[in-house]
Amino acid sequence: MASMTEAPITTYQLYIDGQWVDSLSGKTYESTNPFDGRVWARVPDGNAADVDRAVAAARKAFKTGPWAEMTGRGRAKLMRRLADILARDYEALALAETTDNGKLLRESLGSAASWQDWYNYFSGMADKIEGSTVPSDRKNFFVYTRHEPIGVVGAILPWNSPILLLTFKLAPGLAAGCTFVVKPSEFTPVSTLEFAKRMEEAGFPPGVFNVVTGGTAEAGRALVQHKKIDKIAFTGSAQTAVAIGRSSIENLTPATYELGGKSPNIIFDDANLDAAVNGVLAGIFAASGQTCMAGSRLLVHEGIHDALLERLVARTKTIRLGSPTSPDSEMGPLANRPQFEKVMYYLKVAESEGAQVVCGGKARPDIGELFVEPTIVVGVRNDMRIATEEVFGPVLSVIRFSTEEEAIEIANDTRYGLAAAVWTENIRRAHRVAHALEAGTVWINAYRTVAHNAPFGGYKMSGWGRENGIDAVREYTQTKSVYIELEGATRDPFVLG
Ligand code: NAD
């Protein structure tokens, strides 16, 4: 496998209507490797006109031609072919992602190896999108439902896990029969363009899958405001989701939003401390804390607070920062300059609020421009900004509690609700607390695991809708009720009935 620094600069084009084309803007921009600051790819700076032609292609493919006419079995066949290609190429795709976003290669490889599971799982649903017969209230009617594909999906992606988060949308959407226009993050355009090559190889007809990259938010804005898209599937920050909601309400475009969090990781005094320390690390320092489900608030029972913290700080100090492609590294850089600045800003915020840094807290320019130490902050109150706002970096806020009720109250006292974890050996408490937590995913004695067949999504400002699991296909269909009159009877035309 080539190392990142050896990679040549590759120039990409947009993928629209089954063709590789330059942007109508005539412009490109550069994608930079966050580890060494090296430009490694040049991609089109797509604009509203590119979005227009991509949406037109997706609409045409949805309405007429091979995809529109294909049965569920045909779609499933293409999806399984894609799964096989992804299984073959996962190493190259993982490397592209790591080179774009600086995530540890072993994390990217683990994720990429699993993408095929989504396409295989949802391919099994493509020919099982069944309506129902509705017991009619009137004898002369036969009533049934159809779940029809919603149409053209505008998918907007963040930079932390581009293809996994695309897959959360694309796999159920393809099973349903939708077509897609995808706008990857300006910071991580390459893996989505590489993925498009695999869609092409799998044989998806022109227009089913289109990619418009852009160096600014222009293409994304144009896409979500477009009158000819039928659904927005967005993963990113709550702030951007609100902006998208405002601009897309003009067209009343339905949306699923997968957003950020300030997830509580709750450790009770009967927890297995070694396992809990490991789970806390996984929650906040994996991927340098740049995960939507980061366990960024550590709630610790006062009885074990000091013992847990001692172990946690000792382990955190041994975390090895370094090249994302080195098997020895445990944390890579932050993914881009604005994200680095944001994390450094929040370290100042924590300090100004009176919280104390017990570990880390500094940038590490000696390793690379965008490295920040894994940081633990104590003396945090749940109403401080460091405990309420998403940092999206390796910064853990530690909060004490004394009772189960207090732990639940603190855990839920946030505008977010994406994930949470409970560490206890008491099975009754584990379930009781899991039920009381306002979060879309709760782990018991574990942290940061997702699966293609388990629903994922947020309560409160962590999102709308669910991805993954059987019901995810419903997010890409709309239901039609069909009434058939059986007896040729006439009735009072001026009365509802
Ligand atoms: P972001 O909100 O800044 O950007 C996300 C995408 O939206 C990018 O492609 C961007 O170009 C686009 N965008 C920006 N403004 C837009 C606009 N006005 N209209 C349309 N598109 C626009 O998020 P990010 O910094 O790329 O990613 C980090 C965020 O994503 C964090 O908040 C994180 O928690 C969240 N996230 C959530 C999940 C999840 O599944 N819940 C997963 C990963 C990341």
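How far is an oxygen atom of the ligand from an N or O atom in the side chain of Ser-237? In this predicted model, the gap comes out at 2.7 Å. Taken alone, the ligand would expose 850 Å², and 90% of that ends up buried by the protein.

Glu-186 puts a polar side-chain atom 2.5 Å from a ligand oxygen, and for Trp-159 the distance between a side-chain N or O atom and an oxygen atom of the ligand is 2.9 Å. Glu-186 also turns up among the residues that come nearest to the ligand, along with Leu-157, Thr-240, Leu-259 and Glu-390.

As for where all this happens, the ligand takes up the space of the largest pocket. Around the ligand sit 28 residues, and they split into 15 nonpolar, eight polar and five charged.

Turning to the elements behind this shell, helix α7 (218–225) is the top contributor, giving three residues.

How values were computed:
Residues are numbered from 1 along each chain as its sequence is written. This is a predicted model: local features need pLDDT of at least 70, side-chain atom pairs count only at pLDDT 80 or more; totals for chains, interfaces and linings use all residues. Side-chain values use heavy atoms; hydrogens and water are left out. A residue is near a molecule or strand if one of its heavy atoms lies within 4 Å of it. A polar contact is a pair of N or O atoms within 3.5 Å; within protein, one must be able to donate a hydrogen and the other to accept it, and residues adjacent in sequence count only if both atoms are side-chain atoms. Accessible areas come from the Shrake-Rupley method with a 1.4 Å probe; for residues, only the protein chains shown count as cover. On a 1 Å grid over the protein atoms alone, a cavity is a set of points where a 1.4 Å probe fits but cannot get out, and a pocket is an open set with protein on both sides within 12 Å along at least five of seven lines; lining residues have an atom within 4 Å of a point. A molecule sits in a cavity or pocket if more than half of its atoms lie within 2 Å of its grid points. Helices (H or I, at least four residues) and strands (E, at least two) are DSSP runs, numbered from the N terminus. Ala, Val, Leu, Ile, Met, Phe, Trp, Tyr, Cys and Pro count as nonpolar, Asp, Glu, Lys and Arg as charged, and the others, Gly among them, as polar.
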